[in-house]
Amino acid sequence: MGRVDQEIERVLEQKAENLSLWQEFQIHILNKKIFAGKFQKEGWSGEIAFYVFYCWDCGEITYDYPHGFIHKQYLICGKCEARIDFVPYWAPLAMLWELIRFKLGV
Ligand SMILES: [Zn+2]
């Protein structure tokens, strides 16, 4: 892991450890994922949004960026590697838009 990646890990680690009471509430009670900022890891072509979240499998607060296609996105727990579904609420709209574009041939 390079220097840039280490710096990103450090920032995210700090965010996960210093949650406000409101963020703790959102993560634990509402099962929300907290947006932690956009970062570009070494070798990536652009920035990707990272999220801090609670893993129900191991009971730890961890962070990750979304993997997979938009309609079946997931996060991976950094502690136990459990997969956690993370399909954005606008995923059906994005898919509908793709369908319209396909039908219109644009
Ligand atoms: Zn876990």
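Axes here are lines fitted to C-alpha atoms, for helices over the stretch in contact, and angles run from 0 to 180 degrees between N-to-C directions. Helices (H or I, at least four residues) and strands (E, at least two) are DSSP runs, numbered from the N terminus.

This is a predicted model: local features need pLDDT of at least 70, side-chain atom pairs count only at pLDDT 80 or more, and totals for chains, interfaces and linings use all residues. Residues are numbered from 1 along each chain as its sequence is written.

**Overall layout**

The protein has three helices and five strands. Along the sequence they follow the pattern α-α-β-β-β-β-β-α. The C-alpha trace spans about 50 × 35 × 25 Å along its principal axes. Of the 106 residues, 14% count as buried. A residue is buried if 20 or more other C-beta atoms lie within 10 Å of its own, exposed if 12 or fewer, and partly exposed in between, with C-beta atoms placed from the backbone.

**The sheet**

Three strands form an open antiparallel sheet in the order β1-β2-β3. Strands β1 (34-39) and β3 (61-64) stand at the edges with a single partner strand each, so one side of each lacks a neighbour in the sheet. Neighbouring strands are turned by 25° against each other on average, direction ignored. Two strands pair if DSSP finds at least two bridges between them.

Strand β2 (residues 48-54) and β3 pair over four bridges, in the antiparallel sense. Two bridge partners are listed here.

| Residue | Bridge partner in β3 |
|---|---|
| Phe53 | Thr62 |
| Tyr54 | Ile61 |

The hairpin of β2 and β3 has six residues between the strands. Within this hairpin, Gly59 takes a positive phi near 75°.

In a regular strand the side chains alternate between the two faces of the sheet. Both faces of β3 are covered. Ile61 and Tyr63 are buried on one side, Thr62 and Asp64 on the other.

**The core**

The largest nonpolar core holds 11 residues, among them Leu12, Ala16, Ile34 and Leu75. Such a core is a set of buried Ala, Val, Leu, Ile, Met, Phe, Trp, Tyr and Cys residues joined through C-beta atoms within 7 Å. Elements giving two or more residues to this core are α1, β2 and β3. Strand β2 provides the largest share, five residues.

Tyr51 belongs to this core. Leaving out residues up to four places away in sequence, Tyr51 touches Lys33, Ile34, Phe35, Ala36, Tyr63, Asp64 and Leu75. Two residues are in contact if their C-beta atoms, placed from the backbone, lie within 7 Å. Among contacts with a separation of 6 or more, 30% join residues 24 or more positions apart.

**Cys80 and its loop**

Cys80 is found in the loop between β4 (74-76) and β5 (83-85). Is Cys80 buried or exposed? Cys80 is exposed, because 12 other C-beta atoms lie within 10 Å. Cys80 touches Cys55, Asp57 and Cys58, not counting residues up to four places away in sequence. Cys80 and Glu60 are 20 residues apart in sequence and 8.8 Å apart in space, C-alpha to C-alpha.

**The last helix**

At 1.5 Å a residue, α3 should span 20 Å, and its end C-alpha atoms are 20 Å apart, which agrees. The expected span is 1.5 Å times one less than the number of residues. Gly105 follows α3, with a positive phi near 70°.
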